[in-house]
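Hello,

Here is the structure I promised to pass on. My notes follow below it.

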Amino acid sequence: MVASMIFFLARILEKHGYKKSDIKRIDEILEEHWKEPWDSGYLKHDVQECIVHHLILWGIFSTFLLGFHDVFLAIMAFVGMAFLMVVIYPVFTTMAVWIAALPLYFLKSRRAEYVFEFIGKTSLAITLAIPVIWAVSSYVSTKNYPEDVLRMFNAVVVNAEKFLILSILNTLFGFLGVYLSHRVGRRILTIVLLSLAVAMLFLVWALLKR
């Protein structure tokens with residue numbers, strides 16, 4: 001966790017115009033930027049966000065370690081939880097579609113296009129990741145690990161197909177929202193987007209019924 005945090009902090013420094021080796025004097029650099037707004041995109045906000053994320057991950061891993069009393073099993077449980085979180089991401093994307101994307105679209109907000117693009121890009125990444133995660137989880141689920149560890153991998157294997165379809169729908173929704181808006185009429189685009197969004201809800205319902 002410490003090595004990961006140092007790696008990402010060095011990348012944040014590089015993003016803000018410093019060298020990765022400047023990680024050694026990050027305290028001085030933060031002092032120089034201390035009067036900047038505490039908003040996203042500023043150095044001290046990005047540094048804080050990175051540290052908080054790693055503290056959360058360390059807390060989760062420590063919990064697994066206390067539960068299993070074995071470093072390897074704690075790592076496997078952590079990986080299984082990470083896999084499951086990635087696979088169920090399309091459910092959260094579906095929520096974003098109904099809570100953010102569609103309302104902004106109907107309000108004709110300029111932010112709608114940014115939301116569509118974000119949904120499309122992140123969903124595409126998840127769509128490509130799910131088959132790999134399914135393959136690894138299928139292999140791990142054949143091993144003789146404790147049931148508490150295997151439960152998360154088994155959940156991935158059983159539900160991966162539906163989550164993949166849901167992620168594909170999310171991807172189509174995002175990219176069609178961006179590219180069709182300049183090529184077809186608003187009525188046609190509305191029908192396409194609502195059809196995809198409703199199909200997502202049916203898939204989520206099918207997943208929850210299992």
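**Nonpolar cores and a surface patch**

The largest nonpolar core has 41 residues. V97, F116, F173, L193 and M200 have the most contacts inside this core. Six helices each supply at least two of its residues: α3 (43-68), α4 (71-87), α5 (89-106), α6 (111-140), α7 (147-179) and α8 (186-209). The largest share comes from α7, with 11 residues. Keep in mind that this is a predicted model.

What does F116 touch, leaving aside its neighbours within four places in sequence? Its contacts are A101, Y105, F173, G174, F175, G177, V178 and L193. Two of these partners, F173 and L193, are also on the list of residues with the most contacts inside the core.

Now the surface. A nonpolar patch is formed there by M85, F92, M95, W98, I99, V198, L201 and F202. Together these residues have about 800 Å² of accessible area. Helices α5 and α8 each supply at least two residues of the patch. α5 gives the most, with 4 residues.

Take L201 as one member of the patch. L201 sits in helix α8. Is L201 buried, partly exposed or exposed? L201 counts as partly exposed, because its relative accessibility is 41% and that class lies between under 20% for buried and over 50% for exposed.

Best wishes

Technical notes:
Residues numbered from 1 in each chain as written. Predicted model: local features only at pLDDT ≥ 70, side-chain atom pairs only at ≥ 80, totals over all residues. Heavy atoms only, no water. Core = buried A, V, L, I, M, F, W, Y, C linked by side-chain atoms within 4.5 Å. Buried < 20%, exposed > 50% of the residue type's maximum accessible area, 1.4 Å probe, protein only. Contact = heavy atoms within 4.5 Å. Patch = residues over 30% accessible without salt bridge, like charges linked within 9 Å, V, L, I, M, F, W, Y side chains within 5 Å. Areas by Shrake-Rupley, 256 points an atom, 1.4 Å probe, with all protein chains shown as cover. Salt bridge = Lys/Arg side-chain N within 4 Å of Asp/Glu carboxyl O.
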